[in-house]
Amino acid sequence: MAGREGAGPGGNRHVLVVGGAGYVGSVLVRELLAKGWRVRVLDRLIYGNERSIEGLIGEAGFSFVGGDFGDAAALDRALAGGITDVALLASLVGDPISKKYPDITRRVNVTASEALFERLRASGIGRFVFTSTCSNYGRSATDDPLAEDAPLDPRSIYAETKVAFEQFLLGSLARTDFAVTVLRIATAYGISHRMRFDLTVSEFVRSLALGRKLTVYDKDTWRPYCHVKDISRAVISVLEAPRDRVAGEVFNVGDDRENFTKQMIVDLVARHIPTQVEYMSGDKDPRNYRVSFAKIRSRLGFEASRLVSGYVPELVDAVRNGLYATDGPTPSYYGNHDVQGL
Ligand SMILES: NC(=O)c1ccc[n+]([C@@H]2O[C@H](COP(=O)([O-])OP(=O)(O)OC[C@H]3O[C@@H](n4cnc5c(N)ncnc54)[C@H](O)[C@@H]3O)[C@@H](O)[C@H]2O)c1
């Protein structure tokens with residue numbers, strides 16, 4: 001077995017979650033700790049999102065390193081003391097933020113990510129998991145579900161950079177002895193310690209629960225969705241799977257039951273509250289992709305444990321009871337709008 005790997009779930013393994021204070025990461029690190037993993041987070045907190053992990057300071061098995069993973073000294077601090085596995089979540093995430101900060105996006109999502117990979121080659125780790133995105137499928141000409149070998153068609157700087165780093169990783173497999181796995185994750189939903197209301201389901205539900213009129217572009221475009229807790233389970237099952245089942249592999253992360261058009265999401269909300277929706281066909285977001293999750297189901301036994309239909313009433317209730325009900329523009333903490341310090 002190459003690299004450092006402990007036996008059994010968690011075992012004596014110590015995972016570095018780069019970007020562990022974000023929307024997905026702050027849920028993932030708690031799930032890892034609950035399963036007995038030691039967890040270190042390296043995060044630059046670019047959205048002022050320190051609240052997402054401050055409650056973990058002092059917890060057994062948890063440590064935090066503040067800094068940029070593109071900074072060699074911060075990375076050395078984060079890797080010190082026997083890290084056995086690395087999950088790279090940190091990026092500029094989403095089409096709008098990548099359009100607003102194209103240079104920073106390329107620097108973080110490609111240049112710094114490649115440098116991280118090179119640094120890890122000398123570190124003795126056993127596993128490396130990269131969180132990519134189903135956005136890479138872009139605008140599919142068909143509504144048939146796309147498997148991992150479908151052509152990629154990135155339609156934003158975000159997706160372009162994710163595809164570029166995927167290709168770098170898959171082209172570098174022969175140069176490393178640790179197992180590399182790429183996860184193309186569906187659009188996330190669910191409550192997190194760092195909420196994002198710039199993601200379709202939560203954005204739609206919150207706006208409609210606040211009684212706002214919602215404008216929906218290209219209502220018939222398809223997209224898959226996955227709950228943050230299920231995304232976390234998928235990452236953990238890759239870390240804990242037998243190495244030969246995941247090494248050098250790409251997996252779509254989600255569930256075949258959870259492909260929806262935007263109209264279908266609105267309809268799910270309308271089961272619970274009155275909705276005011278204006279539909280526009282502006283071609284504002286050219287993405288359209290239905291995705292197949294057969295591979296992760298058959299190889300890793302992964303299925304969603306939560307469904308969008310269950311989340312919608314939970315978030316409606318939360319908003320109607322005053323949580324996330326701030327008036328005015330959504331604070332940066334609740335979405336990827338403005339970065340700090342990069
Ligand atoms: N949220 C989704 O719908 C979704 C869907 C598919 C894939 N993903 C992938 O999952 C991962 C996490 O997404 P998220 O929604 O949690 O994003 P997020 O923006 O909430 O979290 C990203 C985290 O990375 C940190 N970060 C960014 N640049 C950094 C740098 N240079 N150094 C150190 N830390 C840095 C940020 O401070 C933040 O805490 C990303 O790789 C994303 O591409 C997310």
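A search of the whole structure finds 16 salt bridges, a salt bridge being a side-chain nitrogen of Lys or Arg within 4 Å of a carboxyl oxygen of Asp or Glu. The model is predicted, so local features need pLDDT of at least 70 and side-chain atom pairs pLDDT 80 or more, while totals for chains, interfaces and linings use all residues. Residues are numbered from 1 along each chain as its sequence is written, and side-chain values use heavy atoms, with hydrogens and water left out.

I begin with Arg13 and Asp85, whose side chains form a salt bridge at 2.7 Å, N to O. Arg13 lies in the segment before β1 (14–18) and Asp85 in strand β4 (residues 85–88), so the pair ties together parts that are 72 residues apart in sequence; strands are DSSP runs (E, at least two residues) and helices likewise (H or I, at least four), numbered from the N terminus. Both residues are buried, that is, under 20% relative accessible area, with exposed over 50% and partly exposed in between (1.4 Å probe, protein chains only).

Arg257 pairs with Asp255 at 2.8 Å between the closest N and O atoms. Here Asp255 is buried at 7%, whereas Arg257 is partly exposed at 46%.
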